[in-house]
Amino acid sequence: MRRPLARTLPALATTLLAPLALSGCGLLGGEEADLQVYSARHYSLEEAFAEFTDETGLTVEFLYGDDAELLERLKAEGADTPADVFMTVDAGMLWNAGEQGVLEPIDSTVLDAAVPEDLRDSDAGWYGLAMRARTVVYDPEKVDPSELDAEDTYAALGDPQWKGRICMRDETASYTQSLVASLIDLHGRDRAQEIVESWVANDVQIMSNDVELLETIDAGGCEVGISNHYYLARLLDEDPDLGVALYWASQDGAGTHVNISGAGVVAGTPSSAEAQQLLEWLATDGQSAFVDGNHELPVNPEVEPEPLVASFGSFERMPVDASAYGSLNAEAVEVLDAAGYR
Amino acid sequence: MTVPAPGLVRPRTRRRLLAAGRPGWSAAVFVAAAVIASPVVAVALGALLQGGLQLPGGVGGMVATTLALTVLVALGTSVLGTGLAWLVSVHEFPGRRVLSWLLVLPLAVPAYILGFVFLSTFDYAGPVQSGLRSVLGEDLGALPVRSLGGATIVLVLTLYPYVYLLVRAALSDLAPTAYDAARTLGASPARAFRTVLLPLARPSLAAGLALVTMEVLTDFATVQYFNVRTVSVGVYLVWKGSFDVASAVSLASLVLLFAVAVLAAERALRGDARYHQRGGRGRGLERRRLIGGQAVAATGACATVAALAFGLPVLRLVTWAASAAAEENPFTDTRFADHLTSSVLVAAIAAATCVVVSVVLAHALRLGGGPWVRAAAQATTFGYAVPGAVVGIGVLALFSAADRLLQALGREDGTGILVTGSVLGILLAYVVRFTAPAYQAVDASFARIPPTVSASALTLGAGPGRLLGRVHLPLARSGVAVALTLVIVDAVKELPLVLLLRPFGFTTLSVWVYELASENFWERAALPALLIVLVAVVPVALTFRNPATRHAR
Amino acid sequence: MMAGVMSTSETATRVATEPALRLRGASKSYAEHDAVRSVDLDIAAGEVLTLIGPSGCGKSTLLRLAAGLERPDAGTVELGGREVAGSRWVPPEKRRVGLVFQDHALFPHLDVATNVAFGLDRLPRAQRGPRVAEVLDLVGLAHVRDRHPHELSGGEQQRVALARALAPCPSLVLLDEPFSSLDENLRAQVRADTLAAIRATGSAAMVVTHDQTEALSLGDRLAVMRDGVVEQVGHPTEVYETPANRFVATFMGDADFLPAHVQRALLTCEIGVVSTVPGWGGSDVHVEVMLRPHEVALRAEASSTAVVERVEYHGAFVLHEVRLASGRTVRSWQQHGVRLEVGTAVDVTVVPGSRPVLLSGDTALTAPPA
């Protein structure tokens, strides 16, 4: 009766300890690269950094994580942080990082020339490097684009004609929060509250990710939704016959809501010159390498988007107000909450 | 003629260990409690200093949702776990032996993976609803998959093995006499189960439920998929939506309050029985052979659960992995070996550490020391009820405080490498989080060693060390094996801690899955996800495959 | 190591003179009640003492204090003249006191020989085997040395537990209700064998029990406990025949109490003259007399006001319960052949030669009250 266990335990122990003996090293982290990046962005990073290394000889290593958590980590580590660059995927978070004082002001004519003014804050120390549009997608078999309101497309989805036909992302997604924050910025909190409530009144279906949302439209589960443009590009890349079309929202009004991925140099890093060099490269020669793989939009007006995204046509974007997105994010959560958006 | 017993006399069931205590071992318990509590205390203190404990709006709804989800999952896992344990322990039916350990395997499937698989299978665009629509027409409407009900189903399917394992172990250990007595008194098998076996298995059920509810309380990823707003989801929402760490921590302490309530309930449920399972050293129950429809139903029930909770996710993952592999050969990717090693390494070290801590706790308690030592040992289990990211922040805060202290004491580089993220930080965080399940398992084994056996060894001249090595460890080794398994499984699945605390160049399978999944690359995430399941299945299979290998004999 | 050897031999030389166990003012209380209250107790070298009392009286706590499993709140514990608790503290593993539990507490994962050898780790390796064989012989279990505990009967387990406790030659063995888990028909034999084995090793022993017959027949001396206090210590006949108080009187055997009167050394009560009380010539006091059933004689007598109320057949003897005119009852053992019908009027007397115990209040009187 005890035999099997007596045999199991050593076997278990051996299974466990074998890798220990094999590895031995690596416990305290690998060898250091010239630049170390805390990044909430994962996509295309390896390829872009490899290209940067080829061109400059500087090696780059990155640690992927959630941006709010990485920010806490930066704050806790203080001067001991190994990070030279902090990269996030949200304008509000960039602003917040600036507010928390973890970034170093940058003086770079290259960056100032490459990145439009609303997508950077050189005093606070951050620059937008890639742009994504959060716009309307629809089922072309059931929806004629002319039915969509060109002035304020987002708000108009609360019109009773869309009842039972719309789907959107959940409230925990920063995409949703930042969109609502921009609506508060644009219309004031009361109007934003009305808009969100009108979505809820239209029985909006809540999805936990954009791909699922797009696939649901394709399958006929809903007719109009709000998604990042690059998810649609990605799905179209895999399946050109996908039954979902893109509509640039609010072109007769405030423009389509966009948000940015961006980065800043970590305050106190001994490698600030190299870190700045990396940001400059990403905003200029590295733009395509940085944004194309994920079908994102370049921030640098000199750089063309990749063909699939270009095929969506050009559009007017809503100016990015990072401080508003950041400071209004909490209000956006409250608005979503109060409206019963879930 | 009979002398009235003095009113002060307690029943003889009072727990009697060795009340003399051992200062060294008791001190070890306090040190463990301090180390495990300190990250959580560090965060709470930080939040207090930053702005006091403040609860954001909408807490009432979150608390209600948390209560509802916890109760539903507790009920579901009780019914499923106990029912299945009863089926395989008391009955004989085709496939029972294989099914009885297949039913443990869902333990190896992370809830966040099952949750995603479940959604992608049953949501509007998924194969099930698409299939139904093609048969029944388009007017079917959408099934409410993304709901409290959906979250409950997924959590029950991933968490029932805790209850199943512990109750099955208790049932296989019971003396058949009580059950037989009930049967001869005319009770149906079901009634004998309800009135005799269940009360006897109650402590194990309580222990299993405690683990289940703590998992539910701290779960974030799964419930978020299902749009269920528990307090833990609130923690992330407030933290990441409002950049308000102080409020997030206040919410996290609310989760901790829930956990305290759960543990108090567990103690009440366990009652005195916890220390008096000596009656149950029987050879197990005689199994009743089911025939005909009953046999089919029993086999079917077990197979369905195993298929839903293990077969379905594995099948989906394999399908995805195959389609991803069709595009590029994944096995040329050196990251597999790399990340696999990291996962196994950190899980193995964490498991060993947690088990050592648990054995020290259980052994020290057996040596006595009084209520303070017991309270300290209990305190080591609360880390399980703190959301992973909060523990992570706590560890960071703790290390940076240690660093500042060292610098103040004149060491210029302070703790140096410790602060800047190292596997040491992850290990500490794992010990904080996972001592609870390890301790539950080890403690259950220790509880079955009669105190008189420990006392006999001492009076025969064995000091605490020899008592541990020659008596306690050999007798508790099944609990140790279970503890190792539970921590390995938990640690391999663990995401938020590693994500937050890992050093550069250190990526585990779960982080990799997260990297890919957060960009919605499900097909490419499938292979590493399968590897997680595989790594977790190995110890689960080793420990629980053999029916003679019982938890905590 | 050297110190250990020294103290062992030191103990050995003292054994002859010092008591194996000496408690002075030993007290131990748990959260809400006193388990042991200021107990003084000596066990001489080689002596067997039984400790009896109702459950919860503190007898197990007393044993645990001696073994070192509990630490006294106050008072001292000495073993063979060496203080082990009080101003210093010696943990149980350094006391070398043998301990046998009711559940035998054998190590289930070790075979019998390894169980018995467990306490012999300080003995040179070569001597362990012979010592194990020796003690297993002593308890008559040489043939089970390779078996595991679960393969043994309850009686065998008990004897292995005893052998294991005796193997390291402790000067004191403590037995906590060692026979109560055994079948009734086994018990007498195991009890006798146990006692013989203990006597053979010359160890002193303290046997905790709640069985009166066992307490009276087993030991050299008997201690009765109640509520954490030792009520009486003495030779079994002394405790049974001259109990110190009402509690000891009733706890050690059946007893009935009748109001009585002593005048000029003559003890009378409801049933008439009981006996003379030498030395009480000058007394004229009201007391109570304790009558044990074997001291009460019955004779059918139609004119008597006392009536048989209940008859219990016990085999060799028959217990009769008789209601007296006052309404009080007394019990009487009658020979196997005597069975009076319920309702029979009987004359109740005291068996000639009895010297019943007198009480004033709850305390037994050994001399006329002042």
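Two strands are taken as paired if DSSP finds at least two bridges between them. On this basis, in the predicted model, 4 strands of chain C form an open sheet in the order β2-β1-β4-β5, with antiparallel pairing. From one strand to the next, the twist averages 30°. Strand β1 (residues 21-30) of chain C is joined to β2(C) by 7 bridges in the antiparallel sense, and C:Ala26 is found opposite C:Val39 of β2(C). Helix α2 (residues 59-67) of chain C lies across β1, β2 and β4 (74-79) of chain C and runs at about 60° to β2(C).

A further open sheet in chain C consists of 6 strands in the order β13-β12-β11-β14-β20-β21, and its pairing is antiparallel. Here β13 (272-276) and β21 (363-365) of chain C stand at the edges; because each has a single partner strand, one side of each is left without a neighbour in the sheet. The twist in this sheet averages 45° from one strand to the next. Within the sheet, strand β14 (residues 284-291) of chain C runs antiparallel to strand β20 (residues 357-360) of chain C, and 3 bridges join the two. C:Glu288 has C:Leu359 of β20(C) as its bridge partner.

The domain assignment divides chain C into domain 1 (2-97 + 170-250) and domain 2 (257-365). The C-alpha centres of these two domains of chain C are 36 Å apart. Contact between them involves 6 residues of domain 1 of chain C and 6 residues of domain 2 of chain C. On the domain 1 side of chain C, the residues touching domain 2 comprise 3 nonpolar, 2 polar and 1 charged.

In chain A, the domain assignment gives domain 1 (35-131 + 259-305) and domain 2 (133-257 + 322-338). Their centres, taken over C-alpha atoms, are separated by 28 Å. In this chain, 12 residues of domain 1 of chain A are in contact with 13 residues of domain 2 of chain A. On the domain 1 side, helix α4 (residues 91-99) of chain A gives the most, with 5 residues. By class, that side of domain 1 of chain A has 4 nonpolar, 5 polar and 3 charged residues.

Helix packing was also examined in chain A. Helix α7 (residues 174-187) of chain A packs against helix α14 (residues 322-338) of chain A at an angle of about 100°, and their axes are 7 Å apart. This angle makes α7(A) roughly perpendicular to α14(A). Among the residues making the contact are A:Val180, A:Ala181 and A:Ile184 of α7(A), together with A:Tyr325, A:Leu328 and A:Leu336 of α14(A). The contact of α7(A) with α14(A) has 10 nonpolar, 4 polar and 2 charged residues.

For chain B, the pLDDT averages 80, and 84% of the residues score at least 70. The pLDDT is below 50 over residues 1-17 of chain B, a stretch that has 23 contacts in the model beyond near neighbours in sequence. It is also below 50 over residues 547-553 of chain B, where the stretch has 32 such contacts beyond near neighbours in sequence. Where pLDDT is low, the predicted coordinates should not be read in detail.

Terms used: Residues numbered from 1 in each chain as written. Chains lettered and ligands numbered in written order. Predicted model: local features only at pLDDT ≥ 70, side-chain atom pairs only at ≥ 80, totals over all residues. Axes fitted to C-alpha atoms, helices over the stretch in contact; angles between N-to-C directions. Domains from an automatic or database assignment. Contact = placed C-beta atoms within 7 Å. Nonpolar A, V, L, I, M, F, W, Y, C, P; charged D, E, K, R; others polar. Parallel < 35°, antiparallel > 145°, perpendicular 65-115°, else oblique. pLDDT = per-residue confidence, 0-100.
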